[in-house]
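Subject: Structure handover

Hello,

Here is the structure for your files.

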Amino acid sequence: MNLSEESTAMTTNKDPQDKEPGKAEQATRNGGSSGVGIMKRLRRSASATEHNLSSLRNRKSTQNLFDQHGNPIDLRQYRKVLDKDENGNGTNGSEKKLRYRRTQSVTRAEEISNKEEKQRRAQPGRPIHRPRDSLFSWSSGFTNFSGLVNWGFLLLCIGGLRLGLENLLKYGIRINPLDWFFFISGHNEGEGHNALILSIYSLVHISLCLAVEKGLAMEIIAEGLGLFIQIVNIVVLVCLPVVTIHLKGHAFSLMGASTVCFFYSVLFLKLWSYVQTNMWCRQTYYQKNPRERRPSITLAELKKGVLHGGEEDEDVSKLVQYPDNLTYKDLLYFLCAPTLCYELNFPRTSRVRKRFLLKRLLEVVIGVNVVMALFQQWIIPSVRNSLIPFSNMDVALATERLLKLALPNHLCWLCFFYLMFHSFLNAVGELLNFADRNFYCDWWNANNIDTFWRTWNMPVHRWCVRHLYIPVVQMGYSSRQASTIVFLFSAVFHEYLVSVPLQIYKIWAFMGMMGQIPLSAISKSIEKKYGPRMGNIIVWASIILGQPLCIMAYYHDYVVQHFKNSLNGTDYSS
């Protein structure tokens, strides 16, 4: 039966299946061949625009659909054929049946397992076993190992206590607070108060920096000349301790020289930020591009506050605008604030929390005494005993000294971190109502070296990103090149802070910082291959072992250079 015969039957209101039911069932069974026959007949019609079963299947209406004889076609007669795909399967039913079979099979398996378990438990032998994984297997899903953490911490404390008792029995009590005072004040070293004089002299560079910024704001000094003066000023500032200590090193104590170098390093970074931030402000307000120049305003608009953002809310504190920030008060506040990045308006707290401030000050006082006691009792003897093995390149004995020094050095480093980045900086921030207290992040969870350097010292990290990394990238360099420049800059200053006070110009600190670049790649590779836990172990290993190795190298070079004549009689004990 063809489509024309079906159309004739439809016009006489008779069901074509009543006349020839066998062909309708055959069309249903042979969906693929019947579908092809339907398309052949429809292509003969001028009204049919469908060229395949998919388009015909998606047709929502049979209006204006006729066969080659002009008779209307009712697609409902061929719905079973159209609902089948090219393989003769239903378009929606096959997927549903597959999912149903899978669900049914899983449910059936659970049902069988439950029945077997019930039958086994019903046995008179009182069974107690069931399918279970060992707790140390990953498939067990067990994660509560807090007891093992407590065990490891207790074992570490016992090992540290044993080393402490060994040191006490071997060297006796070496702690003497009077020696701490002499060391910090430089009572038995140096001549006069050269470190204090050099620190006060820094006011000359600070005043020159502020004067040049005012001249640039008032357009008295040209932009190029002003930037040249500022660059020369901060370069001379950071080089001044190097020249002074090199020429008159005998006039400085070790503590005084270290304090001066640290103070001038911080001042260098702060003045760099101050100059660059004010330059950004000038580019915003006094840009030569007319699009970025401030529009002319009338006196009435000025009285209404249009210049500073329109209507002002009395409850909102008025922000300082450039160039109103160019004052000694503003600059000195920034120099004392616990940050290296300058802003015209720092976030402020509403009051000083006296109890919080008292806690931080007590932590500083007690912590400094603890660190000095660890140095005097534990670190100094270990470092002295490492001199001969390190000089003779006795690898086994030098490694033993390195591991012996690692524990007290790491304890001192952790105490220093807490004292500096939590106690001291929080105390300064509380006194100055400085609200941004994010001085460190969770560096102890770092999975690679790169993450560690981005989280453990946030003031330096923010300065490097804001004033070095981003400007270098904006100059057209890649992110990897910019990161290398940042590490190079950091390596120079690490060497500056160690070599200048000791007056031995080596490259151990510089090489240690530059070695962080390949170590970062190695730690990332280990993290990717073995997981974040192994990457975190690499980070801790580099911290624990890298620092004492650097201390031993610098102590050896310091003694060789400054006490060469006394080395012949040097002895050490085990």
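Predicted model: local features only at pLDDT ≥ 70, side-chain atom pairs only at ≥ 80, totals over all residues.

Residues are numbered from 1 along each chain as its sequence is written, and side-chain values use heavy atoms, with hydrogens and water left out.

N409

N409 is part of helix α17, residues 395–431 (helices are DSSP runs of H or I, at least four residues, numbered from the N terminus). N409 counts as buried because its relative accessibility is 8% (buried means under 20% relative accessible area, with a 1.4 Å probe and protein chains only). Its side chain makes a polar contact with the side chain of Q547 at 3.3 Å (a pair of N or O atoms within 3.5 Å, where one must be able to donate a hydrogen and the other to accept it).

Cavities

There are two cavities of 30 Å³ or more in the structure (a cavity is a set of points on a 1 Å grid over the protein atoms alone where a 1.4 Å probe fits but cannot get out). The largest cavity holds about 70 Å³ of space (the volume filled by probe spheres set on the points). Its lining residues, which have an atom within 4 Å of a point, include W378, S382 and K404. Helix α8 (146–171) and helix α15 (354–385) each supply at least two lining residues, and α8 gives the most, with five.

Regards

Notes
Buried < 20%, exposed > 50% of the residue type's maximum accessible area, 1.4 Å probe, protein only. 1 Å grid on protein atoms, 1.4 Å probe; cavity = no way out; pocket = protein on both sides within 12 Å on 5 of 7 lines; lining within 4 Å.
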